[in-house]
Amino acid sequence: MKKFWLHILKIIVPIFIFFLVLEIAIRKIPNDYQLKKSYLDKNASKINTLVLGSSHSFYGINPEYFSKQTLNAAYVSQTLDLDEELLHHYKDKLTNLETVIIPISYFSLFETLETDVEKWRLKNYILYYGFENKYHFTDNFETLNHDILLNIKKAVKHYALNKSFITSSNLGWGTNFNSKERKKFEGQYTAKKHTAKNFKLFDGNIKSLQKIIKMCQKKNIKILFITTPAHVSYFKNLNQIQLSKTIKTINELVQKNQNCSYLNLLKSDKFITADFYDADHLNDIGAKKLSLLLDKKINSQ
């Protein structure tokens, strides 16, 4: 029996060591979450404008074009509950914060990352921001959230081929959606993907927004809700019930809270086809245009 367990240990220990080394190796690869956390940890007290939200603001709002100190803390698939937690996490350090920009997209009030196909991204907030793990045990590990081959390839690309996995500027803006590499506009497909099957998550997202509003009210911080521009192929295919519920809800929140305002640019004629990377994301040209517009809006309030 003793020989049997020794044999088992000879198999298990190397496997355990392999996964441990891979886990450490993956965590040491610089990523966008680490970059943003590092900036917040060092410069939170200097930030005047904080951008939250998902890929629409991550790629669409470039802090470089703001006249005051701005950080883009948005990221792909970052939902309102995570925005609320991020703001709560740094609220005492953001001593000079004047404005929070929160994108309200067609899908924002009807989804959470926990229920999304990209829920594997939750581990990034736990591992790199230090958020409490409210979700799954596997979210405490890199190696348990991806196929083992994907992790090995990532490690090889970084350590052997010197590939960078940073996709943000120093101020957090997503740099990958280049105007020279425009994708095919699949607006109908994307609109369908963003249409909620039900409204079960609506109340929870409203609670997250209300918590954000209260946090900001206590510190005399203004909130600018924005619906970012989209290509006609996207917005013409949106479910009007879901869209109307979104716009009505935000307008009601603005009416009830003096520190809030709303800018709906979904169908804005200020943005043309050349401003878009795909049907619902701006490219670098569009991001500059939107950022300058937002800066002007903030400074006029």
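Trainee: At what angle do helix α4 and helix α5 pack?

Mentor: This is a predicted model, where local features need pLDDT of at least 70, side-chain atom pairs count only at pLDDT 80 or more, and totals for chains, interfaces and linings use all residues. Residues are numbered from 1 along each chain as its sequence is written, and side-chain values use heavy atoms, without hydrogens or water. Helices are DSSP runs (H or I, at least four residues), as are strands (E, at least two). Axes are lines fitted to C-alpha atoms over the stretch in contact, with angles from 0 to 180 degrees between N-to-C directions. For α4 (residues 80-90) and α5 (residues 122-129), the axes are 12 Å apart and the angle is about 5 degrees.

Trainee: Are α4 and α5 roughly parallel or roughly antiparallel?

Mentor: Under 35 degrees counts as roughly parallel, over 145 as roughly antiparallel. The pair packs at about 5 degrees. So α4 and α5 are roughly parallel.

Trainee: How many disulfides are in the whole structure?

Mentor: A disulfide needs two cysteine sulfur atoms within 2.5 Å. The sulfur of Cys216 is 7.7 Å from its closest cysteine sulfur, in Cys260, too far for a bond. Cys216 is buried at 1% relative accessibility, and Cys260 is buried at 7%. The search finds zero.

Notes. Angles under 35 degrees count as roughly parallel, over 145 as roughly antiparallel, 65 to 115 as roughly perpendicular and the rest as oblique. Buried means under 20% relative accessible area, exposed over 50%, partly exposed in between (1.4 Å probe, protein chains only).
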